[in-house]
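Welcome! Let us take a walk through this protein together, one region at a time.

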Amino acid sequence: MSDCLFCKIVKGEIPSQKVYEDETVLAFKDIKPSAKEHYLFISKTHTKNVNEMSKNEPQSIVEVHNAIREFTQKEGLEETGFRVVTNVNKHSGQIVFHTHFHVLGGEQLRGFGA
Ligand code: AMP
Ligand code: ZN
């Protein structure tokens, strides 16, 4: 989508600190980190949220989570632990409507049972 912030990042029109890229997936550092390590994993194909992704682009879910697995294993995050979060619509606080999976780690995380 031409007016989508993360599509612009995919096209290189807006800079990002890339940490992972393959043919279908891109990951970059969150500009306002909520944990010591905070990355955003996205499909290069635009969908607005995970529900639209699972309906229209289900293979993207597998591709993004394969990328998360590869990255977290390589970077040692799997060993120390990490959290994957995706927001949908108003009550979640979603502000960017290009499906993204927050990967948080690098320190002890609070909430959700921690
Ligand atoms: P949300 O839509 O609430 O799940 O979160 C969107 C996330 O995108 C927030 O954590 C922002 O800090 C992050 N963000 C917004 N703009 C950029 C950008 N240009 N580069 C990296 N991260 C961004
Ligand atoms: Zn987009």
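In which helix is the place of H65? H65 sits in helix α3, where helices are DSSP runs of H or I with at least four residues, strands are runs of E with at least two, and both are numbered from the N terminus. What you see is a predicted model, in which local features need pLDDT of at least 70 and side-chain atom pairs count only at pLDDT 80 or more, while totals for chains, interfaces and linings use all residues. Residues are numbered from 1 along each chain as its sequence is written, chains are lettered from A and ligands numbered from 1 in the order in which they are written, and side-chain values use heavy atoms, with hydrogens and water left out.

Let us stay with H65 for a moment. At 33% relative accessibility, H65 counts as partly exposed; buried means under 20% relative accessible area, exposed means over 50%, and partly exposed is in between, using a 1.4 Å probe and protein chains only. Not counting residues up to four places away in sequence, H65 touches V84 and F101, where contact means heavy atoms within 4.5 Å. From H65 to L109 there are 44 residues in sequence and 20 Å in space, C-alpha to C-alpha.

Helix α3 covers residues 58-74, and its 17 residues should span 24 Å at 1.5 Å a residue; the expected span is 1.5 Å times one less than the number of residues. The end C-alpha atoms of α3 are 25 Å apart, which agrees. The buried residues of α3 are S60, V64, A67, I68, F71 and T72. Seen down the axis of α3, these buried residues fall within an arc of 120°, so they line one face of the helix; the arc is that of the directions from the helix axis to the C-beta atoms. On the face of α3 turned away from its buried side you will find the exposed residues V62 and K74. Just after α3, G76 takes a positive phi of about 85°.

One of the buried residues, S60, has a relative accessibility of 2%. The side chains of S60 and S43 are joined by a polar contact of 3.4 Å, that is, a pair of N or O atoms within 3.5 Å; within protein, one must be able to donate a hydrogen and the other to accept it, and residues adjacent in sequence count only if both atoms are side-chain atoms. Leaving aside neighbours within four places in sequence, S60 is in contact with S43 and M53.

Next comes the interior. A nonpolar core is a set of buried Ala, Val, Leu, Ile, Met, Phe, Trp, Tyr and Cys residues joined through side-chain atoms within 4.5 Å. The largest one has 14 residues, of which Y20, F41 and F101 touch the most other members. At least two residues of this core come from each of β2 (25-29), β3 (37-43), α2 (50-56), α3 and β5 (100-105). Helix α3 gives the most to this core, with four residues. Apart from this core lies another, of nine residues, among them F6, C7, L40 and V96.

The structure holds four aromatic pairs; rings of Phe, Tyr and Trp (its six-membered ring) pair if their centres lie within 6.5 Å, and planes under 30 degrees apart count as stacked, over 60 as edge-to-face and the rest as tilted. F6 and F28 form an edge-to-face pair, 5.2 Å centre to centre with 80° between the planes. F6 lies in helix α1 (residues 5-11) and F28 in strand β2, so the pair ties together parts that are 22 residues apart in sequence. Both F6 and F28 are buried. Y39 and F71 also form an edge-to-face pair, 5.0 Å centre to centre with 75° between the planes. Because Y39 lies in strand β3 and F71 in helix α3, this pair ties together parts that are 32 residues apart in sequence. Ring pairs link Y20, Y39, F41 and F71 into a cluster.

Our last stop is H102, in strand β5. H102 is buried, with a relative accessible area of 12%, and a polar contact of 2.8 Å joins its side chain to that of H38.
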